[in-house]
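Have the sequence and the 3D view open while you read.

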Amino acid sequence: MSEKANIATVQESIPDKGKDVPVTAPVVDIYENDEEILLHADMPGVEKDKLTVHIDNGTLDITGLRGMKRNGAPDWEEFGDIEYRRTFSVPQTIDIEKIDAELKNGVLELHLPKSEAAKPRLIEIKKAA
Amino acid sequence: MDLKKLAPWNWFKDEEKESGSQVAIFPEKASPSSERRSDPTSMFHRDINDLFNRVLHGYGFSSPLGSRDFFQGGPGGILLKPAVDIDATDEEYTITVEVPGIEEKDIKLTIKNDTLIVSGEKRQEKEAKEKNYYKMERSYGAFQRLLSLPEDADQDKVDASFKNGVLSITVPRRALPDSDIKQIQIK
């Protein structure tokens, strides 16, 4: 049931779906350290309100829609309207509550912090009594 | 008949000169975009061209339209080449350049000998450098595009703005002196 509801929200957040907009996967850099997984996705021209980040059951979905404002007759076109869409598998150890997303200069920056339980720890070895 | 006059303005003649070859992004330079899209032969050409570019620059994945080839450059000091769109109205030209992840201050816009130069450098975030990476698909380094301005471009009134990783440059058009028109008095 809950799955269905999620699918519905995703579709709502993608306006102009009827139009024939090409879909492409944004290029990403993914880094990891002990604290978090950091993802950078290039999504130039996407406005904040046209961007959705959705995480559910170990699957992370990123969707962004770019509508270019064309001014007059196109003389030359190397990029245009586009829908960015990419799905990633993320470990269950991500602390979903603390995920932080920021859109800056056309780049989505997504911090996926690891839950306390998943962080590496040094285990103290006790002397046998 | 002078065929050259009928052809659309070639914005990339300086770029071609510099690189000694055609701009790699689309092989068919001067055709209007509608034609470019619908003509199956040129589509095929473009696909082949894309494929070559990807193999040469070591990109293993891509999508048919634009962005994935966003930066055409690669290792070895080759300049990255962000994608550009050019629109024209009667009043002005609008040039948009796709430059995600670049700070406004890292972009340089200059005009030299009727050529508009968009250049700069894309730097990797410091924070990211200190981590291990899984995937590194985005390119970093110096980028440049050269755009040959048409004769009627008003070079003193060029305006630029930057938003969401897209740089928009407006170049007003001015009326050219009608040197070709000569009024002949009827006696």
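A salt bridge here is a side-chain nitrogen of Lys or Arg within 4 Å of a carboxyl oxygen of Asp or Glu.

This is a predicted model, in which local features need pLDDT of at least 70 and side-chain atom pairs count only at pLDDT 80 or more, while totals for chains, interfaces and linings use all residues. Residues are numbered from 1 along each chain as its sequence is written, chains are lettered from A and ligands numbered from 1 in the order in which they are written, and side-chain values use heavy atoms, with hydrogens and water left out.

**Salt bridges**

- Over all chains, the structure holds 17 salt bridges.
- Eight salt bridges are found across the interface of chain A and chain B.
- A:Asp29 and B:Arg138 form a salt bridge through their side chains (3.5 Å, N to O).
- This pair crosses between chains: A:Asp29 is in strand β2 of chain A, and B:Arg138 is in the loop between β5 and β6 of chain B. Helices (H or I, at least four residues) and strands (E, at least two) are DSSP runs, numbered from the N terminus.
- A:Asp29 is buried, and B:Arg138 is buried too.
- A network of salt bridges links A:Asp29, A:Asp42, B:Lys122 and B:Arg138.
- A:Glu78 pairs with B:Arg145 in a salt bridge, the closest N and O atoms being 2.9 Å apart.

**Chain A against chain B**

- In contact across the two chains are 43 residues of chain A and 55 residues of chain B. Contact means heavy atoms within 4.5 Å.
- About 4100 Å² is buried between chain A and chain B, and carbon and sulfur atoms give 49% of that area. Buried area is the accessible area (1.4 Å probe) that two parts lose on being put together, summed over both.
- A:Trp76, A:Glu78 and A:Phe79 supply 21% of the area that chain A buries against chain B, more than any other three residues.
- Between chain A and chain B, 26 residue pairs are in polar contact (both at pLDDT 80 or more). A polar contact is a pair of N or O atoms within 3.5 Å; within protein, one must be able to donate a hydrogen and the other to accept it, and residues adjacent in sequence count only if both atoms are side-chain atoms.
- On the side of chain A that touches chain B, at least two residues each come from β2 (28-32), β3 (36-42), β6 (73-77), β7 (82-89) and β9 (107-113) of chain A.

**B:Glu137**

- B:Glu137 sits in the loop between β5 (132-136) and β6 of chain B.
- B:Glu137 counts as buried because its relative accessibility is 10%.
- The side chains of B:Glu137 and A:Arg86 make a polar contact of 2.8 Å.
- B:Glu137 also meets B:Lys135 in a salt bridge (3.9 Å, N to O).
- B:Lys135 has a relative accessible area of 34%, so B:Lys135 is partly exposed.

**Nonpolar cores**

- The largest nonpolar core has 23 residues. Such a core is a set of buried Ala, Val, Leu, Ile, Met, Phe, Trp, Tyr and Cys residues joined through side-chain atoms within 4.5 Å.
- Residues with the most contacts inside this core include B:Trp11, B:Ile95 and B:Leu147.
- Two or more residues each are given to this core by β1 (84-88), β2 (92-98), β4 (115-122), β6 (141-148) and β8 (166-172) of chain B.
- A second, separate core has 18 residues, including A:Val28, A:Met43, A:Ile62 and A:Leu112.

**Positive phi**

- A:Asn105 is not a glycine, yet has a positive phi of about 50°. A:Asn105 lies in the loop between β8 (100-104) and β9 of chain A.
- B:Asn164 is not a glycine either, and has a positive phi of about 50°. B:Asn164 lies in the loop between β7 (159-163) and β8 of chain B.

Conventions. Buried means under 20% relative accessible area, exposed over 50%, partly exposed in between (1.4 Å probe, protein chains only).
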